[in-house]
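Open the structure in your viewer and keep the selection tool at hand.

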Amino acid sequence: MERLRSEVKVKLALVVKPVDVVTGLAPAAVPRLVLEGIPCRPVRKPDGTFLLLGLPPGDYRIVLSAPPHYADGRAVVDTAALSPLEPVELVPMLPTSSYPFAPGTTLIRVRAKGMPNSANDSAIIRAAVTDGNLACAKLRQEADAGEAELAFGAAHRLVAGRCYYVLDRDPAKREFIRIAALHEAGRRAKLQTPFRFAHGKGTVVTDVAEGAADGRGEWTAAFPPQGVEHFVCAVQLFSPGDEPLILDQEVQVEEGRPVQLGGLPSTDEQGSGGK
């Protein structure tokens with residue numbers, strides 16, 4: 001038995017961890033995992049992760065599908081760059097408007113009219129709390145650009161797998177981060193990708209709601225309860241590739257009440273408007 005366990009450990013090439021960005025847990029619906037262009041038979045564990053055994057080192061394109069509640073989760077992984085002890089790749093699963101959001105969540109919906117299907121498939125919505133009094137955490141010390149592990153002086157509502165907003169005092173240095181793992185009761189975090197900017201001690205990290213298109217040109221982002229009657233958030237709609245902003249709007253939100261933003265113009269209308 002010990003020999004078998006040892007052989008399995010040696011052959012383990014990749015652990016794929018799908019995460020529901022609303023709950024921070026494994027998706028309620030079991031995703032279907034595909035490696036583009038490569039046949040594979042992943043082993044699914046009770047915690048929702050997938051084990052891929054016997055893959056040679058290289059680059060792999062992962063697709064996780066669990067419609068209709070989630071958009072496809074995608075990732076490109078270089079297995080040679082992962083830790084041999086923990087070769088884990090976190091893949092966020094973003095909700096569509098069909099997702100069964102829990103009572104008490106605050107929904108922000110955006111609808112586009114006449115947008116091409118390709119844009120519908122790729123664009124995502126992020127709504128970030130811009131009220132510094134509603135901090136999920138604060139940086140315990142200064143953090144340099146390129147850092148991927150950090151400590152929090154005060155952590156309130158951080159959840160591994162979720163996206164957060166670094167509300168830097170300098171608006172030009174504000175950025176989104178995703179927490180890949182939490183340690184020390186949530187006071188230390190490993191980021192999925194490093195900081196793009198340096199941030200000072202005490203910088204506030206706030207909540208972010210994310211969503212993907214539902215195939216009908218609508219995006220929905222859902223905030224968990226913030227504990228206040230009103231708060232302000234910045235709503236952005238963008239393509240995740242090179243991240244050009246399609247929408248950037250500040251919104252006053254009343255806790256628990258849905259917000260419906262007006263229909264976006266089609267790409268043809270956007271082009272003619274600039275002429």
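The tour covers the chain, a sheet, a pocket and a cavity.

**Before you start.** This is a predicted model, in which local features need pLDDT of at least 70 and side-chain atom pairs count only at pLDDT 80 or more, while totals for chains, interfaces and linings use all residues. Residues are numbered from 1 along each chain as its sequence is written, and side-chain values use heavy atoms, with hydrogens and water left out.

**Stop 1: the whole chain.** Colour by pLDDT, the predictor's confidence in each residue, from 0 to 100. The chain averages 85, and 85% of the residues score at least 70. Now select residues 1–10, where the pLDDT is below 50. Beyond near neighbours in sequence, this stretch has 1 contact in the model (contact means heavy atoms within 4.5 Å). Residues 266–275 also have a pLDDT below 50, with 8 contacts beyond near neighbours in sequence. Where pLDDT is low, the predicted coordinates should not be read in detail.

Switch to a cartoon view: the chain has 3 helices and 19 strands. These are DSSP runs, numbered from the N terminus: helices are H or I of at least four residues, strands E of at least two. Of the 275 residues, 44% are buried, which stands for under 20% relative accessible area with a 1.4 Å probe, protein chains only.

Stop 2: Select strands S3 (43–44) and S7 (88–93), the edge strands of an open sheet of 4 strands. Its order is S3-S4-S1-S7, with mixed pairing; two strands pair if DSSP finds at least two bridges between them. Next, select S1 (residues 12–20), which runs parallel to S7 and is joined to S7 by 6 bridges. Which residue stands opposite Val88 in S7? Val15 does.

**Stop 3: the second largest pocket.** Select Glu86, Val88, Ala180, Ala181 and Lys190, which lie nearest the centre of this pocket among its 20 lining residues. Its volume is about 550 Å³. Strand S14 (188–191) is one of the strands that each supply at least two lining residues, and S14 gives the largest share, 4 residues.

**Stop 4: the cavity.** On a 1 Å grid over the protein atoms alone, a cavity is a set of points where a 1.4 Å probe fits but cannot get out; a pocket is an open set with protein on both sides within 12 Å along at least five of seven lines; lining residues have an atom within 4 Å of a point. Select Val21, Val22, Arg162, Val208, Ala209, Glu210 and Ala222 to see the lining. Strand S15 (residues 204–212) gives the most, with 3 residues.

Methods
Buried means under 20% relative accessible area, exposed over 50%, partly exposed in between (1.4 Å probe, protein chains only). Grid points are joined across faces, edges and corners, and a volume is the space filled by probe spheres set on the points.
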